[in-house]
Amino acid sequence: MRKLAFFLFVVMLALFAGQAHAQRCLPKMKGIRLSSGMADGFYSPSSKNETGYSFGASLATYTKGGHQWNFGAEYLRRYHPYREIRIPVEQFTGEGGFFCNLLSDGSKTFFLSAGVSALAGYETVNVGEKRLFDGSTLHNKDGFIYGGAITLQAETYLSDRLVLLLYGRERCLWGGFTERFHTQYGVGLKIMLD
């Protein structure tokens with residue numbers, strides 16, 4: 001019986017070695033966030049589908065109370081149906097924002113935060129090509145875009161260095177020739193650096 005108890009004790013030590021829940025989200029801790037999501041609905045390859053997808057990468061720096069500053073870049077591609085094809089609209093944006101910790105559990109495993117971000121970047125319609133396959137001409141122009149976003153984000157720690165993210169956000173951008181508002185939702189991973 002003693003051998004079994006000792007064996008279980010050693011297994012428990014191995015499983016929980018390096019687990020320091022109190023050392024999460026401390027001021028000046030940093031993490032790299034990689035995300036992927038859908039934009040304006042659920043993406044499908046159908047020529048009638050208007051939705052799109054997005055990819056992003058950012059650096060998060062924590063402050064007191066589990067709040068964080070976020071700086072990064074994002075690529076968003078959305079489609080507009082035209083006859084039997086879809087015309088792509090691409091946005092390349094840089095982002096800087098602050099996320100306020102709204103809720104966390106006692107073990108510092110789950111966090112819910114809300115964020116406000118400023119965005120600036122470039123939008124291109126049909127990869128800059130004005131003439132379509134049937135001879136029609138696009139009047140939409142490529143150009144610089146600017147605006148902001150609000151985000152609701154849930155984080156759960158898978159380990160001390162790996163965090164799973166679920167997010168929903170609304171972007172509002174001016175300066176482009178397409179829609180101003182884009183609703184996004186998706187998943188991501190955050191890799192804690194220190």
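Modeller: A patch here is made of residues with over 30% relative accessible area and no salt bridge, and nonpolar side chains are joined within 5 Å. Please keep in mind that the model is predicted.

Colleague: Which residues form a nonpolar patch on the surface?

Modeller: Ile32, Leu34, Leu59, Ile191 and Leu193 form it, and together they have about 390 Å² of accessible area.

Colleague: Where does Leu193 lie, and is it buried or partly exposed?

Modeller: Leu193 lies in the segment after strand S8, which covers 181-192. Leu193 is partly exposed because its relative accessible area is 46%.

Colleague: How many bridges join S2 to strand S1, and how many join S2 to strand S3?

Modeller: 10 bridges join S1, residues 30-39, to S2, and the two run antiparallel. S2 is also joined to S3, residues 68-82, by 10 bridges, again antiparallel. As for individual pairs, Ser35 stands opposite Gly56 in S2, while Ser54 has Leu76 in S3 as its bridge partner.

Colleague: What lies between S2 and S3?

Modeller: Five residues, and the two strands form a hairpin. Gly65 in the turn has a positive phi of about 80 degrees.

Colleague: Changing topic, which lysines have a positive phi?

Modeller: Lys28 has a positive phi of about 75 degrees, and Lys108 has one of about 55 degrees. Neither is a glycine. Most residues other than glycine have a negative phi.

Colleague: Where are they placed?

Modeller: Lys28 is in the loop between helix H1 (2-16) and S1. Lys28 is exposed, since its relative accessible area is 67%. Lys108 is found in the loop between strand S4 (85-104) and strand S5 (110-125), and is partly exposed because its relative accessible area is 31%.

Colleague: Finally, what is the mean pLDDT of the chain, and where does pLDDT stay under 50?

Modeller: The mean is 85, and 86% of the residues reach 70 or more. pLDDT stays under 50 over residues 16-22, for which the model has seven contacts beyond four places in sequence.

Methods: Residues numbered from 1 in each chain as written. Heavy atoms only, no water. Patch = residues over 30% accessible without salt bridge, like charges linked within 9 Å, V, L, I, M, F, W, Y side chains within 5 Å. Areas by Shrake-Rupley, 256 points an atom, 1.4 Å probe, with all protein chains shown as cover. Salt bridge = Lys/Arg side-chain N within 4 Å of Asp/Glu carboxyl O. Helix = DSSP H or I, 4+ residues; strand = E, 2+ residues; numbered from the N terminus. Buried < 20%, exposed > 50% of the residue type's maximum accessible area, 1.4 Å probe, protein only. pLDDT = per-residue confidence, 0-100. Contact = heavy atoms within 4.5 Å. Pairing = 2+ DSSP bridges.
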